[in-house]
Amino acid sequence: MSRVVVLGGGESGIGSAVLAKVKGFDVFLSDSGTIAPKYVDELKKWEIPFEMGGHSEDRILDAGEIIKSPGIPSTAPLVQKAIEKGIHIISEIEFAGRYDSAKKICITGSNGKTTTTSLIYYLLQQAGLNVGLGGNIGKSYAYQVATEHFDTYVLELSSFQLDNMYDFKADIAIITNITPDHLDRYDHNMENYVKAKFRITRNMDKDDCFIFCSDDEITINHLDKIIIKAKELPFSQKKQVNPGAYLDVDKIVVNVPEREECDVFLKDLALGGRHNIYNSMAAAIAAKVMNLSNEDIRRGLGTFRNIEHRMEKVMTIRDVLYVNDSKATNVDAAWYALECQTKPIVWIVGGKDKGNDYAPLLELAREKVKAIVCLGVDNKKIHDSFKDVVPTIVDTSSAEEAVRTCASLASPGDVVLLSPCCASFDLFKSYEDRGEQFKDAVRKL
């Protein structure tokens with residue numbers, strides 16, 4: 001029996017371990033930190049040996065193959081030792097794909113991938129398809145392959161998940177956009193990050209479809225350097241594209257070969273903002289490829305509700321609207337959040353910097369932001385970047401303190417916007433934890 005070791009006891013790792021167990025492997029899971037009680041229960045239920053609080057190197061380096069959770073960098077000493085020993089290291093996505101014959105719609109990008117993934121899943125589900133949702137969102141893809149059956153999967157894939165993917169193949173691949181993000185994991189080299197994103201097109205053939213934003217210069221520049229065998233279906237708000245999707249004054253027009261043309265009026269979209277027009281275009285193209293009717297596409301795009309922690313309206317208190325955009329962990333995501341606001345903004349920003357360049361935000365900040373409330377351990381870079389464009393910049397060290405400070409700075413008619421631009425790991429467990437603490441603090445006002 002082949003021996004498989006899973007590194008990491010989060011959602012991805014637990015799912016991988018369960019699938020390995022179901023497929024008859026001798027499996028062992030190791031986590032250097034604490035494993036959440038719900039995952040410990042799952043491991044015990046499946047009788048999977050595990051350890052936490054440290055790694056037993058002899059047990060790990062005896063593996064025939066290692067499934068590495070995406071949060072563990074390849075530079076981790078134990079991973080380096082495994083590489084030196086010639087042990088094959090793969091991702092959950094690679095492992096689960098070996099045992100899954102379903103059609104796979106895979107979405108990556110620096111921004112918009114969660115919304116686009118959720119939107120596609122909603123469209124297909126509402127149309128009656130037997131569809132699963134996984135990857136970087138929802139339940140582990142591997143766990144679903146082990147315990148459920150779906151005809152189609154919609155998978156959000158981060159660059160970290162794609163890094164150790166080799167033979168996996170998407171039937172429909174989508175890159176929403178590419179902007180600088182996670183450069184600390186890619187030697188601060190943008191080209192490395194771009195190549196990681198484009199791994200989503202790996203192994204695709206002429207019967208597959210690649211959907212991408214033709215307005216995104218970084219995507220187009222890299223596309224010009226490589227050969228992709230899949231059918232290309234771009235989307236654009238700047239020019240007419242055919243096939244693909246484009247903006248025609250007040251409506252989206254979708255053209256996919258061998259499918260009826262579809263148009264959707266912007267006023268009928270459930271999601272507002274320019275960035276969500278792009279997300280809706282990508283989702284509509286994917287839905288058309290999947291042969292959904294125009295009626296199903298229009299209804300789905302018109303009734304979808306945005307995901308938690310993404311431009312989520314929490315509540316209005318004393319005529320001040322509080323918005324939770326905790327998922328905005330990079331500059332581009334924060335740019336869209338600021339751009340779509342029409343009222344004066346008290347902006348909560350900060351966290352673990354990932355090599356951010358705040359220059360693209362300066363003009364918007366000067367125009368729209370009346371005060372910045374920093375929420376992070378080290379806020380010096382934010383002060384240095386915005387001191388000449390925003391008159392008030394205040395430091396805070398907890399969600400509750402940040403919200404109270406915002407309440408004192410905001411006037412009736414303002415928006416308090418949590419759109420942090422940074423990762424959450426200096427003060428919070430995750431962007432979800434940051435968003436939940438923000439919402440709790442707002443409710444206590």
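Which helices and strands do the buried residues of H9 pack against? The structure is a predicted model, in which local features need pLDDT of at least 70, side-chain atom pairs count only at pLDDT 80 or more, and totals for chains, interfaces and linings use all residues. Residues are numbered from 1 along each chain as its sequence is written, and side-chain values use heavy atoms, with hydrogens and water left out.

Helix H9 spans residues 190-198. Its buried residues are Tyr193, Val194, Ala196, Lys197 and Phe198. Buried means under 20% relative accessible area, exposed over 50%, and partly exposed in between (1.4 Å probe, protein chains only). The helical partners of these buried residues are H6 (113-126), H8 (159-163) and H10 (217-223). The strand partners are S6 (103-108), S9 (172-175) and S10 (209-213). Contact here means heavy atoms within 4.5 Å. In general, an α-helix has 3.6 residues a turn, so residues three or four places apart point the same way.

The protein chain holds 17 helices and 20 strands. Both are DSSP runs numbered from the N terminus: helices are H or I with at least four residues, strands E with at least two. The radius of gyration is 22 Å, close to the 22 Å that the globule rule gives for 445 residues, so the chain is as compact as a globular protein of that length. That radius is taken over C-alpha atoms, and the rule is 2.2 Å times the number of residues to the power 0.38. Along the principal axes, the C-alpha atoms fill a box of roughly 65 × 55 × 40 Å.

Of the 445 residues, 58% are buried. Among contacts between residues at least 6 apart in sequence, 65% join residues at least 24 apart. The chain exposes about 18500 Å², and carbon and sulfur atoms supply 48% of this area. Areas come from the Shrake-Rupley method with a 1.4 Å probe. There are 54 positive and 64 negative side chains, and the centres of the two sets lie 1 Å apart. Lys and Arg count as positive, Asp and Glu as negative; His and the chain ends are not counted. Each charge is placed at NZ of Lys, CZ of Arg, CG of Asp or CD of Glu.

Several loops carry backbone features. A cis peptide bond joins Asn242 and Pro243, with omega about 5 degrees. Pro243 sits in the loop between strands S11 (231-236) and S12 (244-248). Arg318 is not a glycine, yet has a positive phi of about 50 degrees. The loop between S15 (312-317) and S16 (320-324) contains Arg318. This residue is exposed, with a relative accessible area of 62%. Cys421, also not a glycine, has a positive phi of about 75 degrees. Cys421 lies between strand S20 (415-418) and helix H17 (431-443). At 0% relative accessibility, Cys421 is buried.

Two further loop residues were examined. Ser140 lies between strand S7 (131-135) and helix H7 (141-147). Ser140 is buried, at 1% relative accessibility. A polar atom of its side chain lies 3.2 Å from the backbone nitrogen of Ala142. Beyond neighbours within four places in sequence, Ser140 contacts Glu11, Ser12, Gly15, Ser16 and Glu92. Asp357 occupies the loop between strand S17 (345-349) and helix H14 (362-368). Asp357 is exposed, at 51% relative accessible area. A polar atom of the Asp357 side chain lies 3.1 Å from the backbone nitrogen of Ala359.

How values were computed. Polar contact = N/O pair within 3.5 Å; in protein donor to acceptor, adjacent residues only side chain to side chain.
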